[in-house]
Amino acid sequence: KDNKVSVFSKSERKLYSTDYHYVNHLFNGIFKTLKDSKNPKIAVIKAGGEVILPKEYDVVEAFKIKGEDYVFVSRDNDERLLDKNFESILNEGFQIEKIFFNNVIVKKDEMYYKFSPKEKLYTPIKNIVSIKPFQFYPAIIGKNKENLYGMLDEEGREIVPFAYDDIVSFTAGDEVIVQKGDKFGVTNLKNEPLKEVIYDKYSADSKKITLTKDKE
């Protein structure tokens, strides 16, 4: 109404008005606002209108980790992981690298850790010097001290050995491109070679991977 959305509580049979043009539900009657032309930021509110986080955030996303509700927020490149009470759960100095269904991969002082939010436990992931950003679930592409790439699962266990000069993942399927020198091949997340590392180049879309060798 009048370009402002209201939230109807089925259990209370009551309508709660907001000052925002639209909201999305996070969990337990808590909502995030959407960015708009007047303010390209995000707030978090309760159904009754109480503001939990002001309209100052660039990213707000809800996750379930081991069945518990958490919220990832980012503001001016400051990233935090909050519990269901919107309290920060990471110790000072830790950066979030990747969020999984059961764990979070974090980094501090050039060391990577598997973090279990429920137990507040940090487990070092040894011999990893970097993790590729913007890679797709369900694995991590990492580089070791010998500058070779391999893959780890969310527990930090090796699933593809660190034996490649590069690895590239895609949105569709569990296949990845592996590279040795200037040649390419395909393997999967079970480390089952699907195509030998003998191809000169590759391309990929949502349906297929195309490999080229000697113009074929």
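Residues count as buried under 20% relative accessible area, as exposed over 50% and as partly exposed in between (1.4 Å probe, protein chains only). At 60% relative accessibility, aspartate 76 therefore falls in the exposed class. The model is a predicted one, with local features needing pLDDT of at least 70 and side-chain atom pairs counting only at pLDDT 80 or more. Side-chain values use heavy atoms, leaving out hydrogens and water.

Aspartate 76 sits in the loop between strand 8 (68–75) and strand 9 (78–82); strands here are DSSP runs (E, at least two residues), numbered from the N terminus.

Now for the rings. Those of Phe, Tyr and Trp (its six-membered ring) pair if their centres lie within 6.5 Å, and planes under 30 degrees apart make a stacked pair, over 60 an edge-to-face one, the rest tilted. That rule gives 6 aromatic pairs. One of them joins phenylalanine 27 and phenylalanine 86, which are stacked because their centres are 6.3 Å apart and their planes at 20°. This pair links distant parts of the chain, 59 residues apart: phenylalanine 27 is in strand 3 (residues 23–27), phenylalanine 86 in the loop between strand 9 and strand 10 (95–99). Both phenylalanine 27 and phenylalanine 86 are buried.

Phenylalanine 184 and tyrosine 202 have ring centres 5.2 Å apart and planes at 65°, so this pair is edge-to-face. It also bridges distant parts of the chain, from strand 20 (residues 183–188) to strand 22 (residues 201–204), 18 residues apart. Phenylalanine 184 is buried at 13% relative accessibility, whereas tyrosine 202, at 29%, is partly exposed. Elsewhere, ring pairs tie Phe94, Tyr113, Phe115 and Tyr122 into a cluster.

Definitions and conventions
Residues are numbered from 1 along each chain as its sequence is written. Helices (H or I, at least four residues) and strands (E, at least two) are DSSP runs, numbered from the N terminus.
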